[in-house]
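Here's a friendly walk through one protein model. Have a look at it first, then read on.

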Amino acid sequence: MDNNNATSFYEIYPERVLDFLNYSSTIRGKSDSTIEAYRYDLGLFFRFLKKHRKLVSSEIPFNEILIHDVNDDFLKKVSLSEIYAFLSYMDKQRHNSAYARARKTACIKTFFKYLSVKARIIDKDPTLELERPKIKKRNPVYLTLDESRTLLRSMDKENINYKRDYCILTLFLNYGMRLSELVSIRLSKIKDDTLTVIGKGNKERVVYLNQASVSSIQQYLTIRSNIETKDEYKDYLFLSTHKRPINKRTVEILVKKHVHIAGLFDEKYSPHKLRHTAATLMYKHGKVDIRSLQMILGHENVSTTQIYTHVDNEALREAVKLNPLAEETE
């Protein structure tokens, strides 16, 4: 961030919000994407409150409402009913999904907990009784075992980026890495059959590489080692055709391309769906227990991992056939 951007950033947001963002980043170790989400959501929240309290002219466009002057007195007056009014506004006027509203709810709860417990500028936290929007649980979308094999085997070996792309898909399908984790892999973090990745909250975890992954990395390194790049990029494993660290968008595009080449014409198969695939295959076919799966995926809570314990319809059909009374007829 250059000085001009930094200055404008500090002029736009209230002091307490900036303190909260700094605390979340430096003390709680939240990722840049989480900090950006906090900043955006709190900006919406305070713009709504100023409009809701009729502190600004109705003629001012919502996104142009200034919030730099939100002070402690303003924060102390925030009520639970105002928060619900904000969530209703996000639903009815801005058409936020339940997931998006749940994220905003979590952000507001975290912010006011900080004001109450850490900053100690409010005596009563208005979010203590705040309920989160219910989100319908959906089974994760994933490739079957056969589809996963087809995806890897159908890749064009004549493509200049074949070894790189094959390695990327192999790591996605074997470990369910997050997109952010994959693009930030460093060569110095690969030791024999182990790889250290940086997950959510900048937390490190060790990934134990299997034979397929070790082989794909070694094959890619025969190409990668001959690529000349700037010193600041030399430690990144995956490079783009421009000899820079590969970015998220490039990976999303190449995943979509190879999925289509494999004949799996489904827009849902993003890098995150490959994460679902790896987790489901490990649980369903590898019989990996839920706690081990939690560690491999880097989930903070096992409840997040439990979405992969779903059983498909065919498994249910076979299960009822095992009932000892299944063949009992008149």
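How do the residues of the lining of the second largest pocket divide into nonpolar, polar and charged? They split into 11 nonpolar, 5 polar and 1 charged. Here Ala, Val, Leu, Ile, Met, Phe, Trp, Tyr, Cys and Pro count as nonpolar, Asp, Glu, Lys and Arg as charged, and the others, Gly among them, as polar.

A quick note: this is a predicted model, where local features need pLDDT of at least 70 and side-chain atom pairs count only at pLDDT 80 or more, while totals for chains, interfaces and linings use all residues. Residues are numbered from 1 along each chain, and side-chain values use heavy atoms, without hydrogens and water.

A pocket is an open set of points on a 1 Å grid over the protein atoms alone, where a 1.4 Å probe fits, with protein on both sides within 12 Å along at least five of seven lines; lining residues have an atom within 4 Å of a point. Helices (H or I, at least four residues) and strands (E, at least two) are DSSP runs, numbered from the N terminus.

| Second largest pocket | Value |
|---|---|
| Lining | 17 residues |
| Given by helix 7 | 4 residues |

Leu-173, Asn-174, Asn-210, Leu-281 and Met-282 lie nearest the pocket's centre.

Now for the sheet: it's open, with 3 strands in the order 1-2-3 and antiparallel pairing (at least two DSSP bridges between two strands). Strand 1 (190-191) and strand 3 are at the edges with a single partner strand each, so one side of each has no neighbour in the sheet. Strand 2 (residues 194-198) is joined to strand 3 by 5 bridges, and Leu-195 has Val-207 as its bridge partner in strand 3.
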